[in-house]
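Biologist: Hi! Could you walk me through this protein? I'm new to reading models.

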Amino acid sequence: MPESLYELDSPTYRMAVAQFEEAAECMNLDPNLRERFKVPRRALVVSIPVRMDNGKVKVFQGYRVQHDDSLGPTKGGVRYHLSVTLGEVAALAMWMTWKCALVGLPYGGAKGGVRCDPATLSKNELQRLTRRYTAEILPIIGPEIDVPAPDVGTNAQTMAWMMDTYSMQKGYSVPGVVTGKPIPIGGSLGREEATGRGVVYTILEAMKYLKIDPQKSTAVVQGFGNVGSHAARILADHGIKVIAVSDSKGGIYNPKGLDIAKLYPHYLNNHTFEGFSGCDRITNEELLEQPCTVLVPAALSEVITEKNADRLKCKILAEGANGPTTPNADRILAERGVFIIPDVLANSGGVTVSYFEWVQDLQQYFWKEKEIHEKLFDIITSAFQRVLSLSQKKKVGMRLAAQMHGIEKIAQAHLARGLYP
Ligand code: NAD
């Protein structure tokens with residue numbers, strides 16, 4: 001049995017803990033809380049036997065980790081990717097705790113994942129995998145317990161299967177068990193694009209603060225999935241010239257600007273940049289190093305490291321992805337004066353509209369799209385301003401300020417509730 005199946009320690013988990021330790025030190029956090037917050041409250045490891053289309057049974061490993069639930073139910077996405085380990089899921093769950101607290105949502109942090117390559121599975125295999133994974137984690141999820149959502153490799157269809165499996169076990173429909181669902185079964189307007197939209201709102205706030213004119217700015221986006229494609233589309237809508245985008249196979253580049261209004265439907269229909277004209281090919285490594293006003297990593301973690309941080313040529317780094325920058329790279333970027341909008345702030349639009357979806361499901365009363373965009377704008381821009389003013393007051397970077405802000409809220413909740421028993 002490979003050791004990593006049950007091993008919390010991993011590079012991503014170490015990175016999340018290192019960031020937490022730095023913030024805890026800076027805010028002089030109670031040592032008892034420091035010990036508590038470094039480890040998740042609960043972690044479930046499941047094996048998922050799936051009958052493949054060829055009749056053979058294949059066993060996949062799955063996880064659901066709940067980091068902290070002192071403010072309410074836990075919340076976080078489900079990732080389908082070959083890199084999924086317990087440590088990665090636990091790191092992502094910890095970041096979800098700080099993120100929800102930072103934007104003021106009544107949630108703790110969680111995350112889930114299955115180690116698989118969804119691109120190699122048929123739709124029927126994916127459905128069977130999702131339903132069995134849901135059945136295995138069923139005892140610890142629910143609208144008042146833990147509410148999953150989409151992440152890398154999962155989407156609204158995955159959430160529909162999870163909602164249906166949970167509901168069939170309960171004997172009645174429970175739309176509030178997951179968010180990011182299709183609209184006909186209780187999904188929210190504006191949820192699909194919410195993370196990308198939130199990334200753009202934070203970029204516009206940063207540009208206002210740095211006195212940068214969006215109309216004279218350029219952007220580079222790594223990853224063209226849920227977060228990256230909508231971020232690129234909405235950046236272009238705001239007059240920011242998107243000069244390069246990529247997916248796992250590489251990217252495309254045009255210094256005069258890509259026609260995102262044409263590229264978005266092209267990619268949606270073909271799932272590739274192949275056949276799109278008016279651009280050159282570029283590797284993911286080259287893409288990160290293009291001169292631009294704003295760089296948006298929106299794929300996987302640890303892509304900006306000490307090896308390439310000194311070659312980045314952006315003024316603003318807006319982290320659409322979770323954990324794209326390692327602590328060593330962070331220090332290099334700080335010395336170079338790059339303004340960082342950290343993941344817990346930049347990509348918080350997704351969980352914010354997920355919260356709206358959950359509220360609408362529980363009330364069974366649905367809001368208009370305009371209302372969702374306005375409420376998202378209010379929440380995310382005020383979180384940005386709170387982080388910015390804390391970073392100025394404490395003379396620390398935006399990442400440290402964002403973490404300190406989130407941790408402080410969780411610390412207050414723990415101190416108020418006391419230690420059980
Ligand atoms: P997705 O699966 O929809 O898209 C991922 C994209 O990254 C795809 O375009 C894929 O081709 C690309 N990619 C994969 N490996 C790559 C590589 N090695 N180099 C370059 N590109 C690569 O996933 P998503 O939901 O857009 O999530 C992307 C990131 O945003 C993740 O870090 C996720 O945790 C984070 N995030 C997502 C949400 C959400 O609502 N979906 C919310 C907050 C944060």
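Modeller: Happy to! One term to begin with: helices (H or I, at least four residues) and strands (E, at least two) are DSSP runs, numbered from the N terminus. This is a predicted model, where local features need pLDDT of at least 70, side-chain atom pairs count only at pLDDT 80 or more, and totals for chains, interfaces and linings use all residues. Residues are numbered from 1 along each chain as its sequence is written, and side-chain values use heavy atoms, with hydrogens and water left out.

Biologist: Thanks! Where is Pro-421, then?

Modeller: Pro-421 sits in the segment after α14 (398-417). A cis peptide bond links Tyr-420 to Pro-421, with omega at about 5 degrees. Most peptide bonds are trans.

Biologist: New topic: how many residues surround the ligand?

Modeller: There are 23 of them, and the closest are Arg-79, Asp-151, Thr-195, Val-227 and Asn-322. Here a residue is near a molecule if one of its heavy atoms lies within 4 Å of it.

Biologist: And how do these shell residues divide?

Modeller: Into 8 nonpolar, 11 polar and 4 charged. Asp, Glu, Lys and Arg count as charged, Ala, Val, Leu, Ile, Met, Phe, Trp, Tyr, Cys and Pro as nonpolar, and the others, Gly among them, as polar.

Biologist: How far is the side chain of Thr-195 from the ligand?

Modeller: An N or O atom of that side chain is 2.8 Å from a ligand oxygen atom. For Arg-191, a side-chain N or O atom is 3.2 Å from an oxygen atom of the ligand. Gly-225 uses a backbone N or O atom instead, 3.1 Å from a ligand oxygen.

Biologist: Which domains does the shell draw on?

Modeller: Domain 1 (3-185) and domain 2 (194-346) each give at least three residues. The bounds come from an automatic or database domain assignment. The C-alpha centres of domain 1 and domain 2 are 26 Å apart. Their contact (heavy atoms within 4.5 Å) takes 14 residues from domain 1 and 12 residues from domain 2.

Biologist: What about Asn-28?

Modeller: Asn-28 is exposed, at 67%. Asn-28 has a positive phi of about 55 degrees, although it is not a glycine.

Note on methods: Polar contact = N/O pair within 3.5 Å; in protein donor to acceptor, adjacent residues only side chain to side chain. Buried < 20%, exposed > 50% of the residue type's maximum accessible area, 1.4 Å probe, protein only.
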